[in-house]
Amino acid sequence: MPRKFKSTEQFLKPDPRFHSLLLAKFINCVMKSGEKSTAQRAVYGALAIIGERIPDEDPLKIFTEAINNVKPHVEVKSKRVGGATYQVPIEVTRRRQQALAFRWILDVTRKTRRGRTFAATLAEELLAAFRREGAAYTKRENTHKMAEANKAFSHFAW
């Protein structure tokens, strides 16, 4: 890493509507080709849909809880020992947990549009993650199961 590297974390500004750093980072992950206003419109539209579906809850709270429900705590990495390759379970750092949760939710959202808007599909996936359902939550559970199945190789983690 270069000496003059400045982390983008310290330059990140909160989003204009909810003043949340987490939501600002998510909007940046949704953004493609530098079209931030389009990404903001989609995310805010999804939060508006969530607000309509569950009127007595704060949409930002539901969003945060959905992200926390999808975050993995352990994952497996391939380690080559001798002639064999083992799937070694390792703990996931907080930054990577957040990145994986964002990536999984957005992958599911982009793949399962089915003629609906991106905002509607994103709202569906966030609500499913909030209820501990959906494809992104299933991906987290499968990652945890794989780590549990391979915990015999955890002594290879170094």
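This is a predicted model: local features need pLDDT of at least 70, side-chain atom pairs count only at pLDDT 80 or more; totals for chains, interfaces and linings use all residues.
Q: Why is Thr109 called buried?
A: Thr109 is found in helix 4, and its relative accessible area is 1%. Buried means under 20%, so Thr109 is placed in that class.

Q: Which residues does Thr109 contact, leaving aside its neighbours within four places in sequence?
A: Thr109 is in contact with Phe118, Thr121, Leu122 and Glu125. The word "contact" applies because heavy atoms lie within 4.5 Å. Helix 5 spans residues 118–130.

Q: What makes the phi of His19 worth noting?
A: His19 has a positive phi of about 60° although it is not a glycine. Most residues other than glycine have a negative phi. His19 is placed in the segment before helix 1 (21–30).

Q: Why is His19 counted as exposed?
A: The relative accessibility of His19 is 60%. Exposed means over 50%, so His19 belongs to that class.

Q: Where is Arg114, and what is its phi?
A: Arg114 is in the loop between helix 4 (94–111) and helix 5 (118–130). Its phi is near 50°, a positive value in a residue other than glycine.

Q: How do you know whether Arg114 is buried or exposed?
A: The relative accessible area of Arg114 is 67%. The cut-off for exposed is over 50%, and Arg114 is therefore exposed.

Q: How many helices and strands does the chain have, and in what order do they run?
A: The chain has 6 helices and 2 strands. From the N terminus on, the order is α-α-α-β-β-α-α-α.

Q: What share of the chain is buried?
A: Of the 158 residues in the chain, 39% are buried. The chain exposes about 9,800 Å², of which carbon and sulfur atoms supply 52%.

Q: How many side chains count as positive and how many as negative?
A: The chain has 30 positive and 16 negative side chains. The centres of the two sets lie 10 Å apart.

Q: Where is confidence lowest and where is it highest?
A: Confidence is lowest in strand 2 (residues 84–91), with a mean of 88, and highest in helix 3 (residues 59–70), at 97. The chain averages a pLDDT of 92, and 97% of the residues score at least 70.

Technical notes: Residues are numbered from 1 along each chain as its sequence is written. Side-chain values use heavy atoms; hydrogens and water are left out. Helices (H or I, at least four residues) and strands (E, at least two) are DSSP runs, numbered from the N terminus. Buried means under 20% relative accessible area, exposed over 50%, partly exposed in between (1.4 Å probe, protein chains only). Accessible areas come from the Shrake-Rupley method with a 1.4 Å probe; for residues, only the protein chains shown count as cover. Lys and Arg count as positive and Asp and Glu as negative; His and the chain ends are not counted. The place of a charge is taken as NZ of Lys, CZ of Arg, CG of Asp or CD of Glu. pLDDT is the predictor's confidence in each residue, from 0 to 100.
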